[in-house]
Amino acid sequence: MGEIPFVEPLNGVRYGAVEQVSPLIRRIIANNPSKYSYRGTGTYIVGHGDVVVIDPGPALDEHRDALTAALKGERVRAILVTHCHSDHSPLAAWLRESTGAPTIAFGPHGLVALDDDDDDDEDDAAETEPDIKMKESIDVAFVPDVCAVDGSIVASSRDWTMRAVFTPGHTSNHMCFALDEERALFTGDHVMGWSTTVVSPPDGDMRAYINSLRKVIDRNDRILWPTHGNPVTDPQPFLAAYLAHRLEREAQVLAQVRNDVRTISAIVKVLYSNVHKGLHKPAGRSVLSHLVKLVADGAVAVDGGGAPSPKSTFVVPRK
Ligand SMILES: [Zn+2]
């Protein structure tokens with residue numbers, strides 16, 4: 001259990017091309033591949049004539065030009081943003097300006113992660129992997145015109161109905177959007193089509209993330225459209241494995257602490273020994289997110305007290 005089912009790679013991505021991927025949905029992939037964005041950001045257009053755009057994407061001229069061409073003759077009714085990482089939201093400002101359509105999201109970004117120890121590790125990794133972006137950066141300038149309420153209809157036309165599904169965890173403001181007519185869910189970075197998502201404290205929250213995964217499982221959508229990677233066409237087994245993977249990782253982290261492997265770097269060395277060293281940094285953030293949850297659950301404590309941090313030592317609390 002716990003293995004993520006294999007999903008076929010997006011073969012032959014044609015950046016900037018418009019693909020009609022379902023009766024109501026078109027997708028355009030931006031040319032911003034990275035270790036976080038896989039082959040790039042998938043921007044979705046829902047409807048014909050009256051349309052919504054989901055996650056306009058990164059500030060790249062060629063992606064903006066591709067969207068301009070794809071939206072020629074369409075009336076953009078709303079711009080939906082799942083969260084404001086810089087591969088999702090920056091072009092929303094331009095699209096709002098050029099169409100007059102409102103931006104709709106849960107809200108602006110929450111706490112901005114200030115994390116001192118990032119810099120040295122990033123420099124190390126940058127020496128070996130100069131082309132790979134090390135972090136998801138935050139589009140702090142993004143503030144939606146409309147704050148969407150969980151479960152509410154955020155936009156509709158004769159042919160389609162878009163509904164907000166609040167899914168905090170990857171970020172505290174992460175929102176998925178459902179297309180009722182196709183029983184489809186646009187999952188942003190909450191559920192990815194190619195890997196597990198990054199949950200990095202303090203804004204990322206593993207406890208919220210796991211609850212939000214259960215929420216999507218309970219919806220029983222017919223298909224998931226992630227921002228990165230292929231659609232998930234059989235969501236239930238995929239999501240069950242996705243959840244099991246997180247719970248298994250949590251159990252492994254707890255077992256390490258019980259085994260006196262008590263710092264994050266030591267735990268990463270054990271649990272991610274078969275993973276490229278360039279990924280140990282995000283792995284450390286993920287282990288921290290599990291430890292924050294385990295401390296909140298009372299299963300683990302910070303040695304000497306205080307809040308869990310990347311430099312903390314962890315212990316099993318005395319009964
Ligand atoms: Zn993201």
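Modeller: Let's open with handedness: a crossing of two helices is right-handed if the near helix is turned clockwise from the far one by less than a right angle, and left-handed if anticlockwise. Keep in mind that this is a predicted model.

Colleague: Thanks! Which hand does the crossing of α1 and α2 have here?

Modeller: The α1 and α2 crossing is right-handed.

Colleague: And how do I describe such a pair in numbers?

Modeller: Two packed helices are described by the angle between their axes and the distance between those axes. For α1 and α2, the angle is about 35°, and the axes are 11 Å apart.

Colleague: Which residues of α1 and α2 meet?

Modeller: From α1 come His63, Arg64 and Leu67; from α2 come Leu91, Trp94 and Leu95. By class, the residues of this contact are four nonpolar, one polar and one charged.

Colleague: How many bridges join β6 to β7, and do they run parallel or antiparallel?

Modeller: Two bridges link β7 to β6, which spans residues 103-105, and these strands run parallel. If you look at alanine 105, you will find cysteine 147 of β7 opposite.

Colleague: What about α7: how far does it reach from its first C-alpha to its last?

Modeller: Helix α7 covers residues 280-297, which is 18 residues, and reaches 25 Å. That is close to the 26 Å expected at 1.5 Å a residue.

Colleague: Is α7 mostly covered or mostly open?

Modeller: Mostly covered, with 14 of its 18 residues buried. Just after α7, look for glycine 298, which has a positive phi of about 85°.

Colleague: Finally, what does the whole chain look like?

Modeller: The chain has seven helices and 14 strands, and 43% of its 319 residues count as buried. Among contacts with a separation of 6 or more, 63% are between residues 24 or more positions apart.

Definitions and conventions:
Residues numbered from 1 in each chain as written. Predicted model: local features only at pLDDT ≥ 70, side-chain atom pairs only at ≥ 80, totals over all residues. Pairing = 2+ DSSP bridges. Helix = DSSP H or I, 4+ residues; strand = E, 2+ residues; numbered from the N terminus. Buried ≥ 20, exposed ≤ 12 C-beta atoms within 10 Å, placed from the backbone. Contact = placed C-beta atoms within 7 Å. Axes fitted to C-alpha atoms, helices over the stretch in contact; angles between N-to-C directions. Nonpolar A, V, L, I, M, F, W, Y, C, P; charged D, E, K, R; others polar. Expected span 1.5 Å × (residues − 1).
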